[in-house]
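Good morning. Please have a look at the sequence and the structure on the screen. I will talk about aromatic rings.

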Amino acid sequence: MENFDKSAIDARLAEGFPFTHRWHNRFHLEMPFGLINDPNGLTYHNGAYHIFYQWNPFGCAHKNKSWAHTKTRDFCTYAVPHLALWPTDEHDKDGCYSGCAAEEEGRLRVLYTCNAKDEAGNRRSVQRFGTYTKAAGAVKKEEIIIDGPPPGFTAHFRDPYLFDWRGTRHLVIGAQTEEKRGCVLVYRETADGWMFLGEFRTQLKDFGYMWECPNLLSFGDYDVLAFCPQGVEARAYDRQNVYQAGYIVGHASMDAMEMLMHGRFKELDHGFDFYAPQILTHEGRHILIGWMGMPDREEEYPTREEGWMHSLTLPRVLTLRQGHIFSEPAHELKALRHRETERALEAEGENSFSTTLYDLTEIILDLTMGDAYTISVELVFGLEKLVLRYNRLEQVMTIDRSGMKLGGRGTRTFKLYAEHTLSLRMYVDHSAVEVFFQHGEEAAAIAVFPEKNIRPMLRIFSDVDMTALSGVLWELEPFHYERIS
């Protein structure tokens, strides 16, 4: 194990804020050095949202897994992140893997997967509770509640997520059968410990070799199982990343241990860079934060050469409408807008439009298409560009970053219905773009790394004149980081 000197690591972190490198994002959570991935332990405690996430302080490889921690009251001002959980003993010597958090009798408790390997490389995964204390700024490791997977399942057994079901605490956890089939297992808390209830069955057959990062939540009369299947084949209009992140909607039964009458698996995001989301429920809102990155695609992130990789997505509030999850940015993010530089965007009867953006920009666009059948919305960085291309006849949106020189390229395509008006909400950070289509019906997280340090332009083209273009453009403030415990 590396020497996790918390004091030295925290001091180095504090020196890294605010960011200065042109690729460092200003309103997405990320670190001045090291690799971050899965968000963990999203919870509301003592008047603030606590956000933990996977972090390797020693480089940009997927090892030395620890947890960083920050907190915020408004998703705009954050505590400077610090090291909160790291490998220390025989149980987690090969990584403090993903998990969750919950308030318990006034304490902030975290539950995580301990990962350890023997000399032959055999993995051992156990699930352990701990308590985060403000005074130490760290998690005190406590009881192991599940000492390995049940019979019939491999040591790929990770990412516990706590939830209440009819007044009793349960957890779901990602797993793999000995036949190499991905699934989710359920445990119930009892007076004698955590009891294994079994596999939570679905109608999905041969749906990948491992399911990671499960979340189980309720929207009124319906339940949603969100998870990340690995090993699912790509199709024409979905599942085009190396690994997926999505959900099914139905009726969860802890008696039958099954998701009853559920619909098809749908993705939560159609961009290139979205995985391992975690969802917090607080005061009636389901708030999602995802990892804005992708496993096994490290070569697509040129910041690796600068010493850091990846960020987290903006907080997204989820709603369920007719069996489909809509996601929209948390309303608190409106406080980042510069009101004095707000600009209205208007045009009528035109087939092209362009304007220069700010360094940090939010855009809301409504394109009334009229007789137009193909529309391109471009973010242009000098000679480079990211293109959102909508084909109205085929009802297909294509995200094309083959016009970028650095980082990942290629296209993503998905179905999107827009009858008269194509509506977009876009957030443009230094190397992160998030787009919400048709008022949150679909979303896309996209990493871009412009070669030149120039302000982007927004350009819009259509095959024939559109009826109208309207919208608003805001300059955004960066996140503010405070040195508080």
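What follows is a short tour of ring pairs, and then of charges over rings.

This is a predicted model, in which local features need pLDDT of at least 70 and side-chain atom pairs count only at pLDDT 80 or more, while totals for chains, interfaces and linings use all residues. Residues are numbered from 1 along each chain as its sequence is written, and side-chain values use heavy atoms, with hydrogens and water left out.

A pair of aromatic rings is described by the distance of the centres and the angle of the planes. Rings of Phe, Tyr and Trp (its six-membered ring) pair if their centres lie within 6.5 Å; planes under 30 degrees apart count as stacked, over 60 as edge-to-face and the rest as tilted.

How many aromatic pairs does a search of the whole structure find? It finds 25. Take tyrosine 78 and tyrosine 481: the ring centres are 6.2 Å apart and the planes are at 35°, so this pair is tilted. Tyrosine 78 lies in strand S4 (residues 77-79) and tyrosine 481 in strand S37 (residues 480-482), so the pair ties together parts 403 residues apart in sequence. Strands here are DSSP runs of E, at least two residues, numbered from the N terminus. Phe17, Phe19, Tyr78, Phe479 and Tyr481 form one aromatic cluster.

Now the charges. A charge sits over a ring if NZ of Lys or CZ of Arg is within 6 Å of the ring centre and within 35 degrees of the ring normal. The charged end of arginine 12 sits over the ring of phenylalanine 33, 3.7 Å from its centre. For arginine 337, the charged end sits over the ring of tryptophan 474, 3.6 Å from its centre.

Note on methods
Helix = DSSP H or I, 4+ residues; strand = E, 2+ residues; numbered from the N terminus.
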